[in-house]
Amino acid sequence: MKNVFGNRLAQWCLVIVLASGATFVSQALPAGHPEAQLTLFSDIGQGTNLIGSLAPNPVTFDSSSVKGEPEFPTFQYDLSQADGSSLGLQPQPLAKPAAALLNEPGLPPAPPSLPAKPVEKPAPQPLSNRIVEYHMNVELDADAKSLSGTQTLTWKNPGNLPVQELYFHLYPNAFNSKKTTFMRESGGKLREDKSSENSVGGMELSSMKTLDGEELLSRVEYVQPDDGNKDDRTLIKVTLPKPVGGGEKITLKSVFSVKLPAVFARMGYAGDFIMAGQWFPKIAVYEPKGVRGRSDEGWNLHQYHGNSEFYADFGIYDVRIKVPSNYTVAATGFPTKSPVDDGKTKTYSFYSDDVHDFAWAASPNFIYYEEPYATAQIPGVRIKLYLDPKHENLKTRYMTAAKKALARYSQWYGTYPYSTLSIVVPPADGNGAGGMEYPTLVTGWGAADDQPDLELERVIVHEIGHQFWYGMVASNEFEEAWLDEGFTSYAEDKLMELEYGVKPNLTVESSYITAPEALKQNSWSYAGHNQYAENVYTRAKLVLKSIEQQVGRDTMDRVMKTYFQRWKFKHPTTEDFQKVLEDVTKTSWRTFFDQYIYGGLMVDYAVTDIQSKKVVRDGQPMYENTVRIQKFGGTYNNVPIRFHFADGSQIDKTWDGIDADVLFKLNHTAPLDYAVVDSQHSIVLENKRINSFMKTNVDSKLSIRWNLGVVKLIETLFGWVAW
């Protein structure tokens, strides 16, 4: 998910400008000392066999129970023309290139497409260990803002022990009262989007049966393993009549309904726009021994929290979606046939394999465009745009951003293996559904601005990055969100710099980190969304950037590609990434990880004292200059220090940064003017540069007066800043 700062960047810029300016004045730094002008602002801005099929009878919407699964005999479509016929749509021709539009910058185009004939059909061989197989029907009641659905789920026990209890996430229940764990922790807010009196929803499970017809509802129990909150009903336990042995399968048929909330947190409605994310009973993950470091096999169970996102097994999804005839549907996967329209309702059929979730969006207002795209690393993908009318004139910008992202990420990490990528742009009042990733489907920001800046491209680039780190690598976002958000933010910055010339100001971003915490911890262990965001997005990205600066970009590229290739479709852990890093670099990274990943340290080297004494040596006047530097944060190797003398000369030294307190003694013909740690801001994890500089001769009364004033100023400014 793309975190949004709102006006936070501008607020922080104000804080840093004023605080830095006050600090420099307090140190009475002359204008002739450019090295100490700490410029902070520039360019802001192996799979297993397919699960056995169920009875091959068509699924209909006329019955409240699922009768079987559909047949998929052909699936193959020649998409060389990409005309939208398989969706029953007539896409419009793409607009002029971005440079030709008055409200679009003259940005370079995406890498050109090879002749593209993407084929929408099941993967010839499984890419993942397919644990689940879902066959679902869902119908939208557009007036009531509700869904009614049926589900046939086949689950394979991936472990060795018999399992007699299954667990399901009922995510919509996060919105059924203000007392749920999600609402308590989030305060009814996600990013800058707030809940309203209509942001109430939930899921009702009206039937769950075995294949032989035994009803299991009496065996359903709500559980709250994380906080014991009895008002939270986002996770259920279902006790089975008999256990499922290791490697065996079970099939359950369920009937459910969902009351959609007014959207503010990923799923819900905004007017007649519908975002159905996490909308069905979703089985939890059962982890075999050894997976993600487990010593014993068992369920990975968590409620829906204010910060956390999701974790699920890979498998197959076959979904039919019935909506009013004037609605268009975007969904995970690809259509298996043209929609069936009876004059009142229209039924879409979608299929996807080797994914771990299924989401869809619907609206009568979508404007649809599509293009085929292929590169040396992408066999062929059909890029589909579902635009809010307000952003129709921006279609080329969306399409170009998508192509750039797919091309570069596939080049850097590995092939995008799916034949479809859908981009949904919500309406302005549906931004709560914006900036979110699902398998083969992403959402942009709500269409509030007529002429948005590069945040339009940035969010698309970010969410498509999730297709790799969330979609294919598929870490446990409950427990190790940084492996998704941090990696995606790192990749996003790299692409935005390469393709759009927007270089991140890491010095400014490191100053955001006011409450550093360990990256490997449960998402809800952070003290609110602000601390969660600054760590799993920003600090995590800085940690990766710090590794890059130490090993070099080429080596870091090999690290990232090796990690992706080794762990795609396998749910890795932080330790797995550390092992890849150590394998590629042939170096131990234990100390670094202990401090900055398993621990919550930042770098903080401070110049705390300067003494300059005039002496006579061999009849010549000399100055004994002593500089004290202390370490208040984590260790960073090769710390650069600059010593500047009154005669204009300077000495640059590199310190190993290990000791907590060190004195540097320099004999020179002139007194020391000032000392500064990391004057070029090469240490990206340094977040307290206010103490990295000291001037020698400053009136103590003036310094005390100014420093006290600066502290009060910063306290006041921090009070204004909101995430």
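Colleague: In this predicted model, which hand does the crossing have where helix 5 passes helix 7?
Modeller: The axes of helix 5 and helix 7 (residues 528-551) come within 8 Å and cross at roughly 65°. On the helix 5 side the contact includes Trp482, Phe487 and Tyr490, while helix 7 contributes residues including Val536, Ala540 and Leu544. The crossing in which helix 5 passes helix 7 is right-handed.

Colleague: Is helix 4 parallel or oblique to helix 5?
Modeller: Helix 4 (residues 455-473) packs on helix 5 (residues 482-500) with the axes 8 Å apart and at an angle of about 130°. Because of that angle, the description that applies to helix 4 relative to helix 5 is oblique.

Colleague: What classes of residue make up the contact of helix 4 with helix 5?
Modeller: The crossing of helix 4 and helix 5 is right-handed, and the residues that make the contact include Val461, His462 and Trp469 of helix 4 together with Phe487, Leu495 and Met496 of helix 5. By class, this contact has nine nonpolar, five polar and six charged residues.

Colleague: Which residue is the bridge partner of tyrosine 369 in strand 22?
Modeller: Strand 21 and strand 22 (residues 381-387) run antiparallel and are joined by seven bridges. Within strand 22, the partner of tyrosine 369 is leucine 385.

Colleague: Which residue takes a positive phi in the hairpin of strand 28 and strand 29?
Modeller: Strand 28 (residues 639-645) and strand 29 (residues 650-655) run antiparallel with six bridges between them, and proline 640 stands opposite threonine 654. Four residues lie between the strands of this hairpin, and the residue with a positive phi near 90° is glycine 648.

Colleague: What is the mean pLDDT of the chain?
Modeller: Of the chain's residues, 82% reach 70 or more, whereas over residues 14-86 the pLDDT is below 50. Where pLDDT is low, the predicted coordinates should not be read in detail. For the chain, the mean pLDDT is 86.

Notes: Residues numbered from 1 in each chain as written. Predicted model: local features only at pLDDT ≥ 70, side-chain atom pairs only at ≥ 80, totals over all residues. Heavy atoms only, no water. Axes fitted to C-alpha atoms, helices over the stretch in contact; angles between N-to-C directions. Helix = DSSP H or I, 4+ residues; strand = E, 2+ residues; numbered from the N terminus. Parallel < 35°, antiparallel > 145°, perpendicular 65-115°, else oblique. Left-handed = near helix turned anticlockwise from the far one by under 90°. Contact = heavy atoms within 4.5 Å. Nonpolar A, V, L, I, M, F, W, Y, C, P; charged D, E, K, R; others polar. Pairing = 2+ DSSP bridges. pLDDT = per-residue confidence, 0-100.
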